[in-house]
Amino acid sequence: MTLTGNWSYPTAIRFGAGRIAELSEACAQAGVSRPLLVTDRGLAKLPITQAALDILDAANLGRGLFAEVDPNPTEDNMVAGVEAYKAGGHDGVIAFGGGSGLDLGKLVAFMAGQTRPVWDFEDIGDWWTRADAEAIAPIIAVPTTAGTGAEVGRASVITNPATHVKKIIFHPKILPTVVICDPELTVGMPKSITAGTGLDAFAHCVEAFSSPHYHPMSQGIALEGMRLVKEYLPQAYADGSDIEARAQMMSAAMMGATAFQKGLGAIHAMSHPIGAVFNTHHGTTNAVCMPAVLAFNADSIRDRFDRVAAYLDIDGGFEGFVSFVQQFNDQMGIPRKLSDMGANPSRIDELAAMAIEDPSCAGNPVELTVENLKELFRNSM
Ligand SMILES: [Fe+2]
């Protein structure tokens with residue numbers, strides 16, 4: 001089987017090794033003739049980014065680059081990006097990178113034509129309808145990791161630089177118009193990032209599958225996403241140049257993000273404040289939290305994870321799945337406890353107060369409270 005395809009679900013996706021060569025065609029497909037490539041500072045220096053700019057240059061699309069993007073993108077980054085977009089006379093954005101480059105690129109395209117502050121578009125009720133949809137610039141997304149799935153998402157996460165709180169900004173039109181998924185762009189990821197990002201994709205599938213809302217399409221996507229991570233993450237971790245494993249992980253990442261329209265849960269509700277307070281890696285933090293959350297949700301998810309275990313060829317039903325998760329984490333060098341990552345148990349009250357405000361709480365199959373979140377944090381420390 002050749003791991004190449006042109007997909008139109010959930011958006012237009014050019015999938016396959018070497019397809020970054022089609023970047024100028026992707027711009028034409030999105031109606032963009034003067035793109036601004038948005039990425040983070042670290043990636044801007046790497047050959048894959050320079051090669052992408054060369055492709056644009058060769059097609060007379062310029063070499064517009066904005067890379068003043070922090071690992072957790074802030075409003076300041078976004079304002080600077082919008083200024084660069086306007087100053088360069090751009091008509092679309094290439095969001096290039098891992099979560100930070102993708103999220104900030106999407107926000108620059110979104111905010112370039114808006115007059116209200118970004119916080120007016122937080123993912124609350126129908127706040128997104130406040131935006132001028134016609135003024136949103138087209139987005140071409142090029143992921144260089146396999147985890148966040150932001151390339152197929154309709155939201156971006158941005159940090160308020162004053163409060164350090166992360167907010168989700170939502171609009172259906174920040175779903176990229178075209179995505180190029182080229183697994184060759186992910187081969188340079190170090191082992192720890194391969195593991196952390198891959199386990200973020202896994203957590204998206206597990207939490208979407210656990211969420212009690214009715215969405216059978218998401219259920220199917222999450223199930224196959226879990227299988228791809230189980231089969232291919234160990235291969236990508238062991239040999240970063242294994243293109244088949246890298247390609248399957250890129251699919252799993254998009255599947256996780258597509259599936260979690262159904263909801264996330266306690267893993268992400270815990271992981272967001274821990275990341276904000278202790279600056280830990282998002283996907284790695286999720287992986288550490290997962291065993292305690294599975295145990296906490298056990299009675300509500302046992303039946304459905306019996307089916308997952310059968311599909312994933314894991315003996316022992318739900319209990320077997322829980323054992324598998326711990327062994328999978330160990331195999332990938334994930335710490336056993338949040339305290340091993342620098343999280344401090346003395347701040348559990350503060351973490352629980354932040355977690356209960358996280359929108360991910362709504363998708364957990366057992367209702368979350370400040371008290372049971374404290375217990376979950378204690379069990380993960
Ligand atoms: Fe995540």
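Which residues in H7 meet which residues in H10? I looked this up in a predicted model, where local features need pLDDT of at least 70, side-chain atom pairs count only at pLDDT 80 or more, and totals for chains, interfaces and linings use all residues. Residues are numbered from 1 along each chain as its sequence is written, and side-chain values use heavy atoms, with hydrogens and water left out.

**Entry 1: H7 and H10**

I took helices (H or I, at least four residues) and strands (E, at least two) as DSSP runs, numbered from the N terminus. I counted a contact where heavy atoms lie within 4.5 Å. From H7, I found Gln219, Leu223, Glu224, Met226 and Arg227 meeting Arg304, Phe305, Val308 and Tyr311 of H10. I sorted the residues of this contact into five nonpolar, one polar and three charged. For that sorting, Ala, Val, Leu, Ile, Met, Phe, Trp, Tyr, Cys and Pro count as nonpolar, Asp, Glu, Lys and Arg as charged, and the others, Gly among them, as polar.

I then checked the geometry. The axes of H7 (residues 216-238) and H10 (residues 282-311) come within 10 Å and cross at roughly 45 degrees. That makes H7 oblique to H10. My axes are lines fitted to C-alpha atoms, for helices over the stretch in contact, with angles from 0 to 180 degrees between N-to-C directions. Angles under 35 degrees count as roughly parallel, over 145 as roughly antiparallel, 65 to 115 as roughly perpendicular and the rest as oblique.

**Entry 2: H12 and H13**

I found H12 (residues 348-355) and H13 (residues 370-380) packed at an angle of about 125 degrees, with their axes 9 Å apart. H12 is therefore oblique to H13. Their crossing is right-handed. On the H12 side I listed Ile348, Asp349, Leu351, Ala352 and Ala355, which meet Val370, Leu373, Lys374, Phe377 and Arg378 in H13. The residues of this contact divide into seven nonpolar, no polar and three charged.

**Entry 3: H11**

I compared the length of H11 (residues 317-331) with expectation: at 1.5 Å a residue its 15 residues should span 21 Å, and the end C-alpha atoms are 21 Å apart, which agrees. The expected span is 1.5 Å times one less than the number of residues. Among the buried residues of H11 are Phe318, Phe321, Phe324, Val325 and Phe328; buried means under 20% relative accessible area, exposed over 50%, and partly exposed in between (1.4 Å probe, protein chains only). The buried residues of H11 pack against H6 (191-210), H7 and H10. Just after H11, I noted glycine 333 with a positive phi of about 70 degrees.

**Entry 4: Asparagine 297**

Is asparagine 297 buried or exposed? I found asparagine 297 buried, with a relative accessible area of 3%. Asparagine 297 lies in H10. Leaving aside neighbours within four places in sequence, asparagine 297 contacts Asn364, Pro365 and Val366.

**Entry 5: Backbone exceptions**

Most residues other than glycine have a negative phi, and most peptide bonds are trans. I noted asparagine 279, with a positive phi of about 55 degrees, in the loop between H9 (266-278) and H10. Asparagine 279 counts as exposed at 62% relative accessibility. Aspartate 313 has a positive phi of about 65 degrees and lies in the loop between H10 and H11. I recorded aspartate 313 as exposed, at 69% relative accessibility. A cis peptide bond joins tyrosine 9 and proline 10, with omega about 0 degrees. I placed proline 10 in the loop between S1 (5-7) and S2 (12-15).

Definitions and conventions. Left-handed = near helix turned anticlockwise from the far one by under 90°.
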